[in-house]
Amino acid sequence: MQEPEIFNQINLDLPLESIYKRLGYREGKTAISGQRQKETEKIINEALGFIELKGCALIEPVEKTGEAVRIGNFPITSKLLFSLLRNSDEILLCAATAGEKIIKEISGCSKSDLTRAIILDAVASEMADACFEWITSYYNRKLVRTGRRLTDRRISCGFSDFAIENQKKIYDLLKLNKIGIDITEQFILVPEKSATAVLGVIKL
Amino acid sequence: MNAKNKINYLLKRKIVILDGAMGTELYKRGMPEKAVPEEWCLEHPGILKEIHSAYKNAGSDIIYAATFGANRIKLRGRNIKNVKQINRDLCLLAKESAGSNCLVAGDIGGLGVFIEPFGKLSFEEAVDIFKEQISAQIDGGADLFVIETMIDIQEARAALIAVKELCDKFTIVTMTYEAGGRTLNGTTPEAALITLQSLGADCVGANCSTGPEDMLKIARKLKPYATVPLAVKPNAGMPKLVSNQAYFSMKPKEFGAFAKDFAAAGVNMLGGCCGTTPQHIYEAKVKLTGKKPVKPFRKTISALSSARSFLFLENQKDVLIAGESINPTGRPHLQQELKKGKTALIGQLAGEQKQNNADLLDVNVGVPEANEERLMIDAISLLSRLSDLPLAIDSSSIKVIEKALRFYPGRALINSISGEEAKLKPLLNLAKKYGAMFIVLPIAGRAIPKTIAERKNIIKNILKEAKKTGLSVKDLIVDCLVLTVSSRPTAALDVLKTISWCRKDLKAYTIAGLSNISFGLPRRDIINTTFLNMAKKSGLSLAIANPLQKKKLIDRRAKDLLLNKKGAAAKFILHYSGSADKRIKYEPDKKLSLEEKIKMAVVEGSKDSIASLIHTALKAGKNPLSLMQDILVPAIMDVGKLFEKKEYFLPQLIASAESMKRGTEVLVPFIKKEKPEEKKAIIILATVEGDIHDIGKNIVALLLDNYGFKIIDLGKDISAQKIIAAAKKHKPSIVGLSALMTTTMVNMKKVIDLAHKERLKCKFMVGGAVVTKSFADSISASYAKDAIAAVHIAKELSVI
């Protein structure tokens, strides 16, 4: 089994539109004063100082039998995963986190200044999410030169029948402790704003 | 004619044809998926030569040796150690196929790891790795170099510096852009172009990003800023997914049809990337036969860049602002941080300046007893990640400037180069080598020049030396040297005249640190702003100033003072002495009544003003209960409605709720005195066991508190037993439970089951990202889709 590739520092453009959308802003409907916008964007900029985007990814061969998929020694039974991998002999496992500092900052102000907390929270969520787009693009760039690419769709544990318990298997394969992520007995990744996803690798 | 001259000759006469894809051609000819292409090519030289020859025969003027991934890092990962031999032999094979009329480019691809400041590999190590590859390709007879498929501008810089430090061969650099128009690391095409052409690339462009249609857009963006020819190598469209199978869809004729558009867009070198074949190249070549190339529109450019963005100095309508806060002079806190080797405060200062519309950031980290070189590199690393603004490297040390320019992932501004002989030539050489712009400081010795004529002479001398080094007037910005009017009455006039002369006679850009002008005088804000606007009228390009001074104020008294009019200084001081240096403050509309102002404070979420407004109202004899019932409660209800109609977004709702809470905290003691406390409905809130996400629950708690409920918030990751124990103790009307994960959502049921077992009468309300109405129904709980819905449900269930 290969070692996962670790991205200790992912640099992303601020997904401002998605952050506003997550906060409930609707183009043409929501009206924000200049002052409120300035304050919001000040906090958004501050969030960037606390967010440490890291990622991790690994391409592994998969064996498929019936509705079960085997990645290395790990068997996973899921119709959803099987369908994702129907034209793939390989899978990309990946994870991303916004880091611990931002979570501490959010929890530090969630009682005293909830407005700030929810904005920080939205920035962290969207940035962590955008990491997956980044990882996907990064691997597509690599794969296209070897006549392969990733499926457009990605899924995560907890979707449909792709059970949340699989999070532990992915956690172990990706050695997520190396990028500062822990997993609880309930299969929750800690710190918050950490997530995993899988995509199929298909041939061109 | 050497290869470089030959390429330049070709570029004047035609659009140079590059080759097409290598990887996809090798797979077609049987290269196994897991093979190392470079190794496989050497094992199958016949196949490699067949592909090279096919491109040559299709019309390629330049073919790329198959050395794309032949660097130490990538080959080490595949257990191959003979990096030099592989590079040399692959170039030799390409040379054999090229014959005499076709040139061979040594091909440099990415290392597969990120380089500092964006990754762990040191910049110098990256340069060394590229040098190893390049020197072997020179041995193999490479006529030119192509650095391609770069996603990281810093990696492209490292490779380009490696080429330039080893030879003077023609070098093409092409970056790869995502669908959003930036590289994966966020660099815009214009920023990459400005950085790379100033660093010495002979041709810049894009490859592999996309199909021809989108790459045309990139070429059109680049042409106005290019001082060098442009190269593009689009894919044969983007791989399409049909029934979960992917393929490159664009046929050769369709690909070739874009060639004329590329020529019209000013592309000077055209080839193909993934999915293209010799037939694609042939079709493009046929369409370009006889087409005249479009030369770069300009020879020089006054522009700066960062790793992500760029700043074009030409045709600016307003004065650009250079943020000056990252400088320890007069900032003891920053001094202390820097002495400890810390740079965290720099990030904060950068954010504040960006917020205040700074256009670039000046970085000075010089403090006694600190390692300035290390601090400068750390600051650049941090700012390159946090900010998209270009940087001015501000140091008196040549060594620090050199390190900074080599490391900075953009086109920097040197602050500054004076006429001081010992430093002038070394600094100009650095500006040339790393393609930096520089600020000219019109000082030649220790003394500041007394006359404008002296200033002009120094500026002219520096420009003369700069031209000798290969730089031009477009690469420099003249510092107009602002002195204080209180000690030198003609100081402002001197600056204004210098600005005019630079703009009109020298055609040079200018910069001025405006705040010096008012030192020692009252109302410095008025003088500075007036001076800024006068300087702007004279043609000032950049100001080192507070961006708030951009407002269009010209104060008559300040203007007279600055123009050194007789008696103006005394009049100004007399008028403004004792007047406070006030900043502009928000003043609520005086037409509003006090009650309306309180209501507005809630509706607008003015957390800081509501308490004082309520105190004022109470002092004016307003009834506290009426303030609560007739003003605060309707105000927050209005906010709730605005949120439901999406006219407010979440931060507005929460800010209003927090204002309401602060207002309530002021009023409650007064209301209690007036009226015995009514029994409030109690609500217990908790995030269930195993779940650590609680921000949604905190929002619900705040809103419910606003609406008069007594909230007992147990926190997050709370077991069913603890929740039930609290319910027994406090006897709430409602227990609200939240969960964000499917795995923890099931614990809501455990709480409700336990409550039934304990025969508790309270009602349950549930919510959270994964919770649905059907799930809530299944556990006999009410479902709150958001905080406002929770308020409605709480009202219904508790009937208050």
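Reply: This is a predicted model. In chain A, the axes of helix H4 (residues 100-109) and helix H5 (residues 114-144) come within 8 Å and cross at roughly 160 degrees.

Me: Are H4(A) and H5(A) roughly parallel or roughly antiparallel to each other?

Reply: Their axes cross at roughly 160 degrees. Angles over 145 degrees count as roughly antiparallel. The two helices H4(A) and H5(A) are therefore roughly antiparallel.

Me: Is the crossing of H4(A) with H5(A) left-handed or right-handed, and which residues of H5(A) make the contact?

Reply: H4(A) passes H5(A) in a left-handed crossing. From H4(A), the contact draws on A:Ile102, A:Glu105, A:Ile106 and A:Cys109. On the H5(A) side it is made by A:Arg116, A:Ala117, A:Leu120, A:Asp121 and A:Ala124.

Me: How many residues of this contact of H4(A) with H5(A) are nonpolar?

Reply: The contact of H4(A) with H5(A) includes 3 charged residues and no polar ones. The nonpolar residues in this contact number 6.

Me: Which helix supplies the largest share of the side of chain A that touches chain B?

Reply: The contact between the chains takes 52 residues from chain A and 53 residues from chain B. Helix H2 (34-50) and H5 of chain A each supply at least two residues of the chain A side. That side divides into 20 nonpolar, 19 polar and 13 charged residues. Its largest share, 11 residues, comes from H5(A).

Me: Turning to chain B, what percentage of its residues is buried?

Reply: The secondary structure of chain B comes to 32 helices and 25 strands, and its C-alpha atoms fill a box of roughly 100 × 85 × 50 Å along the principal axes. Among contacts in chain B between residues at least 6 apart in sequence, 76% join residues at least 24 apart. Of the 800 residues in chain B, the buried share is 54%.

Me: How far apart are the C-alpha centres of domain 3 and domain 4 of chain B?

Reply: Chain B is divided into domain 1 (3-288), domain 2 (303-576), domain 3 (594-674) and domain 4 (682-798). For domain 3 and domain 4 of chain B, the separation of the C-alpha centres is 27 Å.

Me: Which helix gives the largest share of the side of domain 3 of chain B that touches domain 4 of chain B?

Reply: In chain B, 9 residues of domain 3 are in contact with 7 residues of domain 4. Helix H26 (624-644) and helix H27 (650-674) of chain B each supply at least two residues of the domain 3 side. The residues of that side divide into 5 nonpolar, 1 polar and 3 charged. The largest share, 5 residues, comes from H27(B).

Me: Is B:Ala58 buried or exposed?

Reply: B:Ala58 lies in helix H4 (residues 45-58) of chain B. Not counting residues up to four places away in sequence, B:Ala58 touches B:Pro278, B:Ile281, B:Tyr282 and B:Lys285. Because B:Ala58 has 22 C-beta neighbours inside 10 Å, this residue counts as buried.

Me: Why does B:Gly513 count as partly exposed?

Reply: B:Gly513 lies in strand E19 (residues 509-513) of chain B. Leaving aside neighbours within four places in sequence, B:Gly513 is in contact with B:Val482 and B:Ile544. A residue is buried at 20 or more neighbours and exposed at 12 or fewer. B:Gly513 counts as partly exposed because its C-beta neighbours inside 10 Å number 17.

Methods:
Residues numbered from 1 in each chain as written. Chains lettered and ligands numbered in written order. Predicted model: local features only at pLDDT ≥ 70, side-chain atom pairs only at ≥ 80, totals over all residues. Axes fitted to C-alpha atoms, helices over the stretch in contact; angles between N-to-C directions. Helix = DSSP H or I, 4+ residues; strand = E, 2+ residues; numbered from the N terminus. Parallel < 35°, antiparallel > 145°, perpendicular 65-115°, else oblique. Left-handed = near helix turned anticlockwise from the far one by under 90°. Contact = placed C-beta atoms within 7 Å. Nonpolar A, V, L, I, M, F, W, Y, C, P; charged D, E, K, R; others polar. Domains from an automatic or database assignment.
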